[in-house]
Amino acid sequence: MIAENIARIKSTLPQGVRLVAVSKIKPVEDIMEAYNAGQRLFGENYATELRDKHAVLPADIQWHFIGHLQAKQIKYYIDFVSMIHGVDTIEHLEDIDRAAAKAGRVVDVLLQCHIAREETKFGFSPEELAGIQSSAAALPHVRVCGIMGMATNTTDQEQVRREFRELKHIFDTLQSGPFAGHPEFCELSMGMSHDYLIAVDEGSTLVRLGTSIFGERDYSKLKR
């Protein structure tokens, strides 16, 4: 079923849009089924779970950390993570830079922009993002590769579309402004299982899907 779900989803993605399979709380057997179906990008939300899965799963998996950052937990994945989504403060950029320096790496990150009409979501304001390039330039062990954001959790698809369109406008403004001349600034991560088709329509380059691949999660099995 997992392999069939991946094939179905990928058939809906245009060229240039990549799928991050969100495997949080799912067992390694499920991840291996997705891996054997050709999936290589996986997203995890919890630091120690990511560490433990990396230790036992194939080395060519590209792990994306997509959870809320905690400085004290960066050490669990900084040695191997391919990309960190959801960087929502300058302090977190600095935390990643220090950890990556110790690991002898340059780590790709995405800046989180707050577009949802929900106070529970995190992220920079568009105004804050406009001034962040100079701060990021002073951190040699992080590479800002784009931005990400989550739309409001609502059944109003037009609102979701407006918010994704707003995020695409912010991305374009940054790409042609403060990040002009930085070809690595090319990723716009938006869209999850319930709204990824709208996100793709509005310009997403990375979609983060879990439930539509692996099914519903049993959070009682979560160990952190």
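The legends below describe close-up views of a predicted model.

View 1. Glu 33 belongs to helix α2, which spans residues 28–36. Its relative accessible area is 32%, so Glu 33 is partly exposed. Leaving aside residues up to four places away in sequence, Glu 33 touches Met 1, Ile 2 and Ala 3. A distance of 32 Å separates the C-alpha atoms of Glu 33 and Lys 72, which are 39 residues apart along the chain.

**View 2. The buried residues of helix α3.** Helix α3 covers residues 47–56, and its buried residues are Ala 47, Thr 48, Glu 49, Leu 50 and Lys 53. These buried residues pack against α2, β2 (41–44) and β3 (62–65).

**View 3. The ring pair of Phe 65 and Tyr 77.** The whole structure contains four aromatic pairs. In one of them, the rings of Phe 65 and Tyr 77 are stacked because their centres are 4.4 Å apart and their planes meet at 15°. Phe 65 lies in strand β3 and Tyr 77 in the loop between β3 and β4 (83–87), so the pair ties together parts that are twelve residues apart in sequence. Phe 65 is buried at 2% relative accessibility, and Tyr 77 is buried at 0%.

**View 4. The ring pair of Phe 179 and Phe 185.** With ring centres 4.2 Å apart and planes at 10°, Phe 179 and Phe 185 form a stacked pair. Phe 179 is buried, with a relative accessible area of 4%, and Phe 185 is buried at 1%. Ring pairs link Phe 179 and Phe 185 with Phe 171 into a cluster.

**View 5. Arg 40 and the ring of Tyr 35.** The charged end of Arg 40 sits over the Tyr 35 ring, 3.6 Å from the ring centre.

How values were computed:
Residues are numbered from 1 along each chain as its sequence is written. This is a predicted model: local features need pLDDT of at least 70, side-chain atom pairs count only at pLDDT 80 or more; totals for chains, interfaces and linings use all residues. Side-chain values use heavy atoms; hydrogens and water are left out. Helices (H or I, at least four residues) and strands (E, at least two) are DSSP runs, numbered from the N terminus. Buried means under 20% relative accessible area, exposed over 50%, partly exposed in between (1.4 Å probe, protein chains only). Contact means heavy atoms within 4.5 Å. Rings of Phe, Tyr and Trp (its six-membered ring) pair if their centres lie within 6.5 Å; planes under 30 degrees apart count as stacked, over 60 as edge-to-face and the rest as tilted. A charge sits over a ring if NZ of Lys or CZ of Arg is within 6 Å of the ring centre and within 35 degrees of the ring normal.
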